[in-house]
Amino acid sequence: LKAGRGFVSNGPLLGLLVDGKKPGDSVEVPAPGKHKFSVALRSFVAVDHLELVQNGKVLRSFPLSGDRRTFDVEGELELDKGGWLLLRAWNDGADPQVLDLYPYASTNPIYLKSPAGPPSAQSDASYFAEWIDRAIWAMKARTDFNDEGEKRETLDYLRRASDAYLSLAESQGTISP
């Protein structure tokens, strides 16, 4: 886990390699160029979408056909900037075999190191500051805390997180792995 080799899933299993590197590793992107990748999907339920995501944007979607439970592909990616890359799988709707809203999975990122440095994360930081502010508003209305101290600690923790994201949004806004 400390090496970043984790993933999240409620069913589908994913495999991702870029230049032989696994999630949690870094790949040097010294200049625009091609990088070898390998993608694998194994799932006990059919999967609707399988995507490579770079810095929050879909870089490549893989069309799934047949039973949509197994997929393997190798190829090359054109990478031209730093940041991160991950593989995710998800469905449009629920599946009765998965006790959740819908089947999904995501690898941890492979970090892309560029001489230009990491890309700006100002819009991401703004989004998360607003999201945490909505969580604070919801927490204030809750009455199921063990005591007022627990509620205060929770709200203070969320306010510190919101402040950290606001600070990032107002600064240069870059995040390094």
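Q: Which residues gather in a patch of negative charge on the surface?
A: Asp147, Glu148, Glu150 and Glu153 do. This is a predicted model, in which local features need pLDDT of at least 70, side-chain atom pairs count only at pLDDT 80 or more, and totals for chains, interfaces and linings use all residues. Residues are numbered from 1 along each chain as its sequence is written, and side-chain values use heavy atoms, with hydrogens and water left out.

Q: What makes a group of residues a patch?
A: Each member has over 30% relative accessible area and no salt bridge; like charges are joined within 9 Å, and nonpolar side chains (Val, Leu, Ile, Met, Phe, Trp, Tyr) within 5 Å. A salt bridge is a side-chain nitrogen of Lys or Arg within 4 Å of a carboxyl oxygen of Asp or Glu. Asp and Glu count as negative, with the charge placed at CG of Asp or CD of Glu.

Q: Why is Glu153 called exposed?
A: Exposed means over 50% relative accessible area, buried under 20%, and partly exposed in between (1.4 Å probe, protein chains only). Glu153 has 59% relative accessibility, so Glu153 counts as exposed. Glu153 is found in helix H2, residues 148-170; helices are DSSP runs of H or I with at least four residues, and strands are runs of E with at least two, numbered from the N terminus.

Q: Which residues form the nonpolar patch on the surface?
A: Val8, Leu101, Tyr102 and Tyr104, with about 380 Å² of accessible area together. Leu101 lies in the loop between E8 and E9, and its relative accessible area of 66% is why Leu101 is called exposed.

Q: Why is Asp19 called partly exposed?
A: Its relative accessible area is 36%, so Asp19 is partly exposed. Asp19 lies in the loop between strand E2 (13-18) and strand E3 (26-28).

Q: What sets the phi of Asp19 apart?
A: Asp19 has a positive phi of about 50 degrees although it is not a glycine. Most residues other than glycine have a negative phi. Arg68 also has a positive phi, of about 55 degrees; Arg68 is in the loop between strand E6 (57-62) and strand E7 (70-79).

Q: How do you know that E5 and E8 pair?
A: Two strands pair if DSSP finds at least two bridges between them. Strand E5 (residues 49-54) and strand E8 (residues 83-90) have six, in the antiparallel sense. Glu51 stands opposite Arg88 in E8. E8 also pairs with strand E9 (residues 104-107) over three bridges, again antiparallel.

Definitions and conventions
Accessible areas come from the Shrake-Rupley method with a 1.4 Å probe; for residues, only the protein chains shown count as cover.
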